[in-house]
Amino acid sequence: MHPVPPILPASAAPIEINDLTVAYRDAPVLQDIDLTIPEGKLAAIIGPNGAGKSTLIKAILGLVPIVAGSVRIYGRPYAEQRRLVGYVPQRSSVDWDFPTTALDVVMMGTYGRLGWIRRPGKTERDFAMHCLDRVGMARYADRQIGQLSGGQQQRVFLARALAQDARIYLMDEPFNGVDAVTERAIVTLLQALQQQGKTVVCVHHDLDSAPEYFDWVALLNVRLVASGPLDATFTADNLHRTYGGALKAAIEHLRRFEHERDRLPTDAAMETAGLRADRDANNS
Amino acid sequence: MSASVVMILTGVLVATACALPGVFLVLRRMAMMADAISHAILPGIVAGYFLAQGPSLPAGFAGASLAAIVTVALVEALQHTRRVGGESAIGIVFPAMFALGVLLVSKYFANVHLDTDAVLYGNIEFAAFDVWLVNDLNLGPRSLWVMGALCVINLLFVGLCFKELKLATFDPGLAAALGFSPVLIHYALMAVVSVTTVGAFTAVGAILVVAFMIAPAAAAYLLTDDLGRMIALAIGIGAASALSGWFVALALDASVAGAMATMSGLFFLLALFFSPSHGLVARARRLRRQRLRLALENLVVHLLNHEHQVSEAHEAEIAHLSSELRWSPRFARWIVAIAKRDQLVQQANGYLSLTAAGRDLARQAAASRDREG
Amino acid sequence: MELLRDWLFDYTLRNVALGSALLGVVSGALGCFAVLRRQGLLGDVLAHAALPGICIAYLLTNAKTPIVLLLGAAAAGWVAALLMMQIVRHTRIGEDGALGIVLSTFFAFGIVLLTFITKRGDADHSGLDAFLFGQAAALVEEDVVTMAVLGGFALLAVALFYKEFKLLAFDAPFAASLGFDTNALGVLLTSLIVIAVVIGLQTVGVVLMAALLVGPAVAARQWTSRLSAMIVLSALFGALAGLIGTLISVSDESLPTGPMIILSLTGIVLLSLCLAPERGLVWDAMRRALQRRMIKAED
């Protein structure tokens with residue numbers, strides 16, 4: 001499963017970010033980020049809406065243009081190391097009415113190894129099936145993805161990342177809008193990945209569950225506020241600095257919008273919710 | 001009134017009438033609805049022609065407006081089924097309506113003059129000769145009356161509903177909460193777009209009317225952030241397109257409406273590249289400045305951090321900078337050259353050191369980074 | 001029977017039918033990706049934008065050779081697509097605004113050139129305005145061969161890059177994270193759509209081209225939830241619409257071919273939307289009615 005093994009020096013950290021600045025239409029979204037995520041951690045990127053959490057993940061993956069700074073994966077640029085990185089985008093970022101099955105989506109995880117033009121064969125199909133099984137979705141392999149529940153869709157996305165067979169997993173809000181069963185399944189999976197020595201980085205916005213699920217956090221609000229092991233970093237003082245004075249209001253907002261979002265699972269609703277939370281947080 | 005003046009005036013009136021609803025189409029991201037409506041009114045016009053047994057303005061208006069409403073409703077019904085994406089619904093409905101129109105023309109009016117080319121790009125050249133006769137009284141060119149009336153209607157609509165339109169465009173949720181139905185405003189806007197399209201249709205045809213609605217409004221959107229100013233600018237750009245387009249058409253002996261619409265595209269291109277706030281050139285320059293400022297700061301902070309270390313000489317070497325700050329050698333040379341020009345650093349035997357000004361900047365930058373970080 | 005014999009042996013008819021069916025296959029297959037990428041109206045824009053290209057090609061070469069004019073159309077379509085991409089990526093104007101501007105102003109420029117050519121007094125300009133409404137009836141064998149070669153090339157490219165196009169349409173950022181050059185893929189796909197549009201201009205014309213890319217794909221999507229099946233079905237629907245439209249317009253001289261193809265296609269779309277198993281709206285309505293009745297019966 002591993003053609004051309006990318007370089008894995010023991011000395012270099014899985015992710016090392018130096019002086020990273022990202023701007024969207026002139027306004028900085030991320031500024032001067034210096035962040036090193038150590039090997040084998042279950043790391044959470046935490047911060048208010050509009051803090052640039054998703055952008056940070058996208059910048060690591062080279063999906064957004066960088067104004068300044070650099071990102072290294074095990075000491076080398078991402079382009080040379082992409083086989084080592086698995087990616088779970090936000091569930092809302094794709095059209096779930098797309099005519100394809102769960103198994104098909106998971107097989108997309110193997111496309112990177114296959115490269116241009118080569119088609120997935122039996123090996124890829126079996127491996128994808130194995131990955132679906134790991135998230136408890138083997139029964140749904142032939143379902144059209146639109147017929148799956150939100151939690152099941154999220155698990156399909158996780159299985160696709162597993163099919164990438166990576167060392168580092170970057171996940172954008174994997175717990176967003178999923179049912180309790182899926183939430184448990186995801187936590188179990190993340191822990192299993194950690195036990196295999198993989199590094200997992202999740203964008204996360206639920207402050208209540210963060211200390212339960214993760215052992216390493218980075219607090220972000222355009223700039224990096226703090227990063228490090230959970231106990232030393234996830235402190236009231238640091239959270240206060242991350243969310244400003246509006247911590248309580250922010251948490252309440254997040255809860256309320258999470259609730260609304262579950263009822264109205266459209267991009268537009270999320271967008272509005274996000275914008276309002278930002279605005280309110282800024283005002284207070 | 002000479003034919004040229006009538007043509008120019010008609011063009012200016014079309015541009016004004018189109019720009020008013022066009023601004024809101026652009027802001028509400030519904031520009032392609034104008035395209036759909038402008039094509040879909042063909043069967044309505046043909047039906048009006050059929051019912052009135054000949055060309056008749058009221059019948060044409062009625063038929064076309066009805067067709068426009070049917071189109072908007074059909075597109076929304078298709079989108080509502082959730083089986084078809086938004087833009088695909090448009091792509092199914094308007095060609096079908098247009099095909100129906102062409103079919104009716106060729107089936108029933110093959111011998112009547114209903115020029116299909118004019119359907120697409122209008123007949124502004126005849127504007128002066130199509131006069132409005134009431135009891136043998138010559139009231140002047142009909143196009144001026146029609147477009148003038150549409151300008152007044154649209155100005156009234158936008159003027160009276162400015163607040164509601166603005167609110168429904170930027171915050172539909174709040175508008176609904178305050179009791180302005182976004183659906184009602186949406187349909188009112190669609191109605192205005194339809195009537196305007198029908199009126200402009202004879203002058204500039206189905207496709208060019210889209211240019212008059214969208215291009216000036218989009219150009220204005222790149223030039224200002226204020227809604228009122230955007231509307232004024234859109235009208236101004238539309239009028240300028242009409243005027244300059246007429247001269248272009250005269251020079252080339254080509255379609256007047258086509259030249260006017262082309263000019264609106266040209267004005268948009270100018271705004272796209274050279275708008276001081278949102279233009280591509282200004283944007284690229286801002287980005288470059290931002291990058292440069294960051295790089296200069298990084299350079300002086302780096303030099304400051306290593307100023308009193310034993311390795312100072314080594315750290316300050318230009319070749320070393322490129323690996324330490326992860327700059328390409330070319331970029332490093334360029335930044336150092338600028339830093340030297342601005343007298344932030346000085347160089348001796350290939351080694352860099354900070355000047356007093358450079359040290360100040362470095363301290364400022366480091367302090368602000370600490371404070372904000 | 002006589003009609004069938006005409007079909008097989010009448011030279012003109014065979015060309016028209018073959019050409020329309022070919023166009024249906026190519027635009028049906030490529031339309032799937034356009035629709036799934038939510039770019040259903042891209043074909044509309046490319047078709048309108050082709051007009052100035054056709055005119056410039058004619059002005060430069062003074063020749064009405066289809067292949068030269070089609071090259072001009074392709075070049076203009078390409079420039080239009082590129083401009084649209086720049087507008088969407090670098091300004092705050094939405095996708096629809098970019099589509100509307102490029103479509104209408106390119107077409108306007110085309111009209112200026114077209115009227116310029118006409119009034120210059122060339123006797124030989126008549127072939128150009130055929131592109132506005134299409135002239136399926138004027139297709140000759142040479143045109144059909146050109147269409148087959150271009151269309152075959154486009155279909156081959158779809159077969160080769162099926163995996164990449166699918167990934168691009170479903171989840172472009174993920175594709176980019178895997179190392180696929182999504183910009184290049186997007187340009188390739190757009191270029192293939194330009195080919196479909198260029199083929200269609202001669203047959204159905206500028207205005208109706210939009211439907212040929214959108215209609216078959218939308219109809220096919222109702223019948224299947226597999227992309228591969230959707231593409232095949234979409235190509236079939238496209239061909240079917242082409243054939244039915246040609247047949248109807250042959251049976252009555254006063255019925256133009258292009259609009260008849262589009263109206264046949266609209267019929268196929270409506271039938272599919274209403275009657276396709278699972279997604280059909282009729283079944284939906286019946287299920288709802290049944291539910292209502294059951295609730296009433298319980299009361």
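A disulfide is a pair of cysteine sulfur atoms within 2.5 Å. The model is predicted, so that local features need pLDDT of at least 70 and side-chain atom pairs count only at pLDDT 80 or more, while totals for chains, interfaces and linings use all residues. Residues are numbered from 1 along each chain as its sequence is written, chains are lettered from A and ligands numbered from 1 in the order in which they are written, and side-chain values use heavy atoms, with hydrogens and water left out.

Q: How many disulfides does the structure hold, and how do you know that Cys131(A) is in none?
A: Over all chains the count of disulfides is 0. For Cys131(A), the nearest cysteine sulfur belongs to Cys202(A) and is 17 Å away, which leaves Cys131(A) in no disulfide. Cys32(C) is likewise in no disulfide, its nearest cysteine sulfur being that of Cys274(C), 20 Å away.

Q: Why is Cys131(A) called buried?
A: Its relative accessibility is 2%, and buried means under 20% relative accessible area, with exposed over 50% and partly exposed in between (1.4 Å probe, protein chains only). Cys131(A) therefore counts as buried, and so does Cys32(C), at 0%.

Q: What makes Asp19(A) partly exposed, and what stands out in its backbone?
A: At 24% relative accessibility, Asp19(A) falls in the partly exposed class. Its phi is near 50 degrees, a positive value in a residue other than glycine, and Asp19(A) is found in strand β1 (residues 15-24) of chain A. Most residues other than glycine have a negative phi.

Q: Is Arg82(B) buried or exposed, and how do you know?
A: Arg82(B) has a relative accessible area of 70%, and is therefore exposed. Arg82(B) also has a positive phi, of about 60 degrees, although it is not a glycine, and its place is the loop between α4 (57-80) and α5 (86-108) of chain B. Helices (H or I, at least four residues) and strands (E, at least two) are DSSP runs, numbered from the N terminus.

Q: What makes Asp96(C) buried, and which residues does Asp96(C) touch?
A: Asp96(C), in helix α5 (residues 95-119) of chain C, has a relative accessible area of 12% and is therefore buried. Contact means heavy atoms within 4.5 Å, and, residues up to four places away in sequence not being counted, Asp96(C) touches Leu25(B), Arg29(B), Met30(B), Ala31(B) and Met32(B) of chain B. The C-alpha atom of Asp96(C) is 9.8 Å from that of Met84(C), which lies 12 residues apart along the chain.

Q: Why is His186(B) called buried, and what is in contact with His186(B)?
A: His186(B) has 13% relative accessibility and therefore counts as buried. This residue lies in helix α10 (residues 182-221) of chain B and, leaving aside neighbours within four places in sequence, is in contact with Arg28(B), Met30(B) and Glu76(B).

Q: How are α3(C) and α5(C) placed relative to each other, and why?
A: Helix α3 (residues 42-61) of chain C packs against α5(C) at an angle of about 30 degrees, with the axes 8 Å apart. Axes are lines fitted to C-alpha atoms, for helices over the stretch in contact, and angles run from 0 to 180 degrees between N-to-C directions. Angles under 35 degrees count as roughly parallel, over 145 as roughly antiparallel, 65 to 115 as roughly perpendicular and the rest as oblique, and α3(C) and α5(C) are therefore roughly parallel to each other. Residues that meet include Val45(C), His48(C) and Cys55(C) in α3(C), and Leu99(C), Phe106(C) and Ile117(C) in α5(C).

Q: How do α10(B) and α12(B) run relative to each other, and why?
A: The axes of α10(B) and α12(B) cross at roughly 20 degrees and come within 9 Å. That angle makes α10(B) roughly parallel to α12(B). Among the residues that meet are Leu208(B) and Phe212(B) in α10(B), and Met260(B) and Phe268(B) in α12(B).

Q: What angle do α12(B) and α13(B) make, and which residues meet?
A: Helix α12 (residues 256-274) of chain B and helix α13 (residues 280-305) of chain B pack at about 10 degrees, with their axes 4 Å apart. This pair is therefore roughly parallel. Leu272(B), Phe273(B) and Phe274(B) in α12(B) meet Leu280(B), Val281(B) and Ala282(B) in α13(B).
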